[in-house]
Amino acid sequence: MNRSIDDLVEKARDSGLDLFVEDDKLVVQGLKSAKVFALQLIDRKPEVVEFLDDERRHFHDWSSVPLEASVPCSKCGSFMPWWDVYGYAHCPTCDPPLYSAPDLREKAGRLRDSADGST
Ligand SMILES: [Zn+2]
């Protein structure tokens, strides 16, 4: 069976592998227990490198987001904003994030568990 590259990369990352492209070379780091995925990645190296390059291009460029908090909240005067993924500032008191990091971590864990159970 030939699984899709994004599926293979996701499974490899789930199993603890760290993969990135350095000087046009595919670098795979991780535990020996994930060796089966490492070998599959290396087998399909050109596709994996292309996928990782593509993925990196789609990442938001955080360097373009102005992170200096210069404008206080118009309601409470707080100078400590939180930033959404689109780069907009919000007041944690008047406009708190919908999910906290621990909430998201727990949700991600549950998704991972249910995905593992189905394979
Ligand atoms: Zn506020």
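This is a predicted model: local features need pLDDT of at least 70, side-chain atom pairs count only at pLDDT 80 or more; totals for chains, interfaces and linings use all residues.

Visitor: What makes up the pattern of the protein, read along the sequence?

Guide: The pattern is α-β-β-α-α-β-β-α, with 4 helices and 4 strands. Helices (H or I, at least four residues) and strands (E, at least two) are DSSP runs, numbered from the N terminus.

Visitor: Why is strand β2 said to lie largely in the open?

Guide: A residue is buried if 20 or more other C-beta atoms, placed from the backbone, lie within 10 Å of its own, exposed if 12 or fewer, and partly exposed in between. Of the 5 residues of β2 (residues 25-29), the number buried is 0, so the strand lies largely in the open. In the protein, buried residues make up 5% of the 119 residues.

Visitor: Why does Pro97 count as partly exposed?

Guide: Pro97 has 13 C-beta neighbours inside 10 Å, and therefore counts as partly exposed. Its place is in the loop between β4 (89-90) and α4 (101-117).

Visitor: How do you know that β1 and β2 pair?

Guide: Two strands pair if DSSP finds at least two bridges between them. Here 5 bridges join β1 (residues 18-22) to β2, and the two run antiparallel. Asp18 stands opposite Gln29 in β2. The two strands form a hairpin with 2 residues between them, and Asp23 in the turn has a positive phi of about 50°.

Visitor: What makes the largest nonpolar core?

Guide: A nonpolar core is a set of buried Ala, Val, Leu, Ile, Met, Phe, Trp, Tyr and Cys residues joined through C-beta atoms within 7 Å. The largest one has 6 residues: Val9, Ala12, Ala34, Phe37, Leu41 and Val48. Helices α1 (5-14) and α2 (35-43) each supply at least two residues of this core.

Visitor: Which residues of α1 and α2 meet?

Guide: Two residues are in contact if their C-beta atoms, placed from the backbone, lie within 7 Å. Leu8, Lys11 and Ala12 in α1 meet Phe37, Gln40 and Leu41 in α2. Leaving aside neighbours within four places in sequence, Val9 is in contact with Leu19, Val48 and Phe51.

Notes:
Residues are numbered from 1 along each chain as its sequence is written.
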